[in-house]
Amino acid sequence: MAKRPQLTGRAAILAVVVCAIAMSLAYPVREYISLRRSIAEALEEKAMVEAERQALLARDRQSNDPNWIKKTAKERLHYCGPGEKCYVVMNPDRGKEQAEVKRPATVPPWYQTLWESVEAADKDTGRRAVTGKERGGR
């Protein structure tokens with residue numbers, strides 16, 4: 001008997017049809033999966049926004065409570081009620097650091113700055129002229 005070939009014409013046509021079906025379904029399946037993923041992300045974002053909304057509503061309801069308003073005024077603004085004695089305890093080391101940081105830089109008077117710019121223009125240096133303090137004199 002003659003040996004039959006492994007790949008017949010029918011098998012080849014069947015393979016081509018199966019590949020064509022797989023190729024035609026690949027793009028829609030990929031889009032479907034992508035859309036499902038974006039829907040899941042949108043649902044997660046919606047849940048986060050809803051939780052934030054609920055927190056803001058609770059905060060709004062809390063701000064209508066007069067006791068909360070008094071408590072917040074005492075904590076944040078250091079207010080005292082009538083007849084109360086309030087004390088503020090400050091850390092001495094911390095106060096010195098804050099005082100040093102808050103000290104503004106010494107700014108020369110406007111006329112001194114004007115005169116320095118005139119001198120710089122006369123000397124054609126294009127920058128601030130050296131003041132008497134920087135020269136070591138006056």
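Analyst: What follows goes from the overall fold to single contacts, and please keep in mind throughout that this is a predicted model.

User: OK, how many helices and strands does the protein have?

Analyst: The protein has 5 helices and 0 strands, and the elements, read from the N terminus on, run α-α-α-α-α.

User: And what share of the residues is buried?

Analyst: Buried residues make up 6% of the 138 residues in the protein. The accessible surface comes to about 13500 Å², and carbon and sulfur atoms account for 60% of that area.

User: Which residues make the nonpolar surface patch?

Analyst: The patch is made by Ile13, Val17, Ile21, Leu25, Val29, Tyr32 and Ile33, and covers about 670 Å². One of these residues, Tyr32, lies in helix α1, which spans residues 9–63. Tyr32 counts as exposed because its relative accessibility is 53%, and the cut-off for that class is over 50%.

User: What does UniProt place at residues 32–59?

Analyst: The UniProt record, an unreviewed entry, places the feature "coiled-coil region" there. In the model, the chain over residues 32–59 is 100% helix and 0% strand, with the end C-alpha atoms 41 Å apart.

User: Switching to charges, how many salt bridges are there, and which side chains does Arg53 meet?

Analyst: The structure holds 2 salt bridges, and in one of them the side chain of Arg53 meets that of Glu50, with an N to O distance of 2.9 Å. Both Arg53 and Glu50 lie in helix α1, where they are 3 residues apart, or about one turn of the helix.

User: Which cysteines does the disulfide join?

Analyst: The structure holds 1 disulfide, and it joins Cys80 to Cys86 with an S to S distance of 1.8 Å.

User: Why does Cys80 count as partly exposed, and what about Cys86?

Analyst: Cys80 counts as partly exposed because its relative accessibility is 39%, and partly exposed covers the range between the 20% limit for buried and the 50% limit for exposed. Cys86 is also partly exposed, with a relative accessible area of 41%.

User: Last topic, aromatics. How many aromatic pairs does the count come to?

Analyst: The count comes to 1 aromatic pair. The rings of Trp110 and Tyr111 have their centres 5.8 Å apart and their planes at 85 degrees, so the pair is edge-to-face.

User: Why edge-to-face, and how exposed are Trp110 and Tyr111?

Analyst: The pair gets that name because planes over 60 degrees apart count as edge-to-face, and here the angle is 85 degrees. Trp110 is exposed, with a relative accessible area of 65%, and Tyr111 counts as exposed too, at 52% relative accessibility.

Definitions and conventions. Residues numbered from 1 in each chain as written. Predicted model: local features only at pLDDT ≥ 70, side-chain atom pairs only at ≥ 80, totals over all residues. Heavy atoms only, no water. Disulfide = S-S within 2.5 Å. Buried < 20%, exposed > 50% of the residue type's maximum accessible area, 1.4 Å probe, protein only. Patch = residues over 30% accessible without salt bridge, like charges linked within 9 Å, V, L, I, M, F, W, Y side chains within 5 Å. Areas by Shrake-Rupley, 256 points an atom, 1.4 Å probe, with all protein chains shown as cover. Salt bridge = Lys/Arg side-chain N within 4 Å of Asp/Glu carboxyl O. Helix = DSSP H or I, 4+ residues; strand = E, 2+ residues; numbered from the N terminus. UniProt positions renumbered as here; feature names shortened; annotations may be inferred. Phe/Tyr/Trp six-rings, centres within 6.5 Å; stacked < 30°, edge-to-face > 60°.
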